[in-house]
Amino acid sequence: DGTIYFMYLSNQLQTVLTEFVKLAELPCLEDLVFVGNPLEEKHSAEGNWIDEATKRVPKLKKLDGTPVIKEDEEEES
């Protein structure tokens, strides 16, 4: 049916979060691999990659092979 659940964008030249936000337009995207992108490297070095990525693509359940656990989910446990 053309639904995208997983996207592998490792080692691409994505450098700005405004372009990254377009991924949120994919309603079923739950698993994203972005390792090796300048954007991922910059925010990983700053220690905020998971927060920045999931803020912009909130439906993600897995990012770069790691399950995404959101704070509100942690509070429910």
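In what order do the elements of the protein chain run from the N terminus on? In this predicted model, the order is β-α-β-α-α-β-β-α, and the chain has four helices and four strands, where helices (H or I, at least four residues) and strands (E, at least two) are DSSP runs numbered from the N terminus. Residues are numbered from 1 along each chain as its sequence is written, and side-chain values use heavy atoms, with hydrogens and water left out. Because the model is predicted, local features need pLDDT of at least 70 and side-chain atom pairs count only at pLDDT 80 or more, whereas totals for chains, interfaces and linings use all residues.

Of the 77 residues of the protein chain, 31% count as buried, a term that stands for under 20% relative accessible area, with exposed meaning over 50% and partly exposed the range in between (1.4 Å probe, protein chains only). The accessible surface of the chain comes to about 5200 Å², and carbon and sulfur atoms hold 52% of that area, as computed by the Shrake-Rupley method with a 1.4 Å probe, only the protein chains shown counting as cover for residues. Among the contacts (heavy atoms within 4.5 Å) with a separation of 6 or more, 59% are between residues 24 or more positions apart.

A search of the whole structure finds three aromatic pairs; rings of Phe, Tyr and Trp (its six-membered ring) pair if their centres lie within 6.5 Å, and planes under 30 degrees apart count as stacked, over 60 as edge-to-face and the rest as tilted. Trp49 is buried, with a relative accessible area of 6%, and Phe20, Phe34 and Trp49 form one aromatic cluster.

Helix H2 has Leu39, Glu40 and His43 as its buried residues. These residues are on the same side of H2, because they cover an arc of only 95 degrees around the axis, the arc being that of the directions from the helix axis to the C-beta atoms. The buried residues of H2 pack against H1 and H3. For His43, the relative accessible area is 6%, and its contacts, leaving aside neighbours within four places in sequence, are with Leu17, Asn48, Trp49 and Glu52. Just after H2, Gly47 takes a positive phi of about 80 degrees.

Lys61 lies in the loop between H3 and strand S3 (62-63) and counts as exposed, at 53% relative accessibility. Although Lys61 and Glu30 are 31 residues apart in sequence, their C-alpha atoms are 5.0 Å apart in space. Not counting residues up to four places away in sequence, Lys61 touches Glu30, Thr66, Pro67 and Val68.
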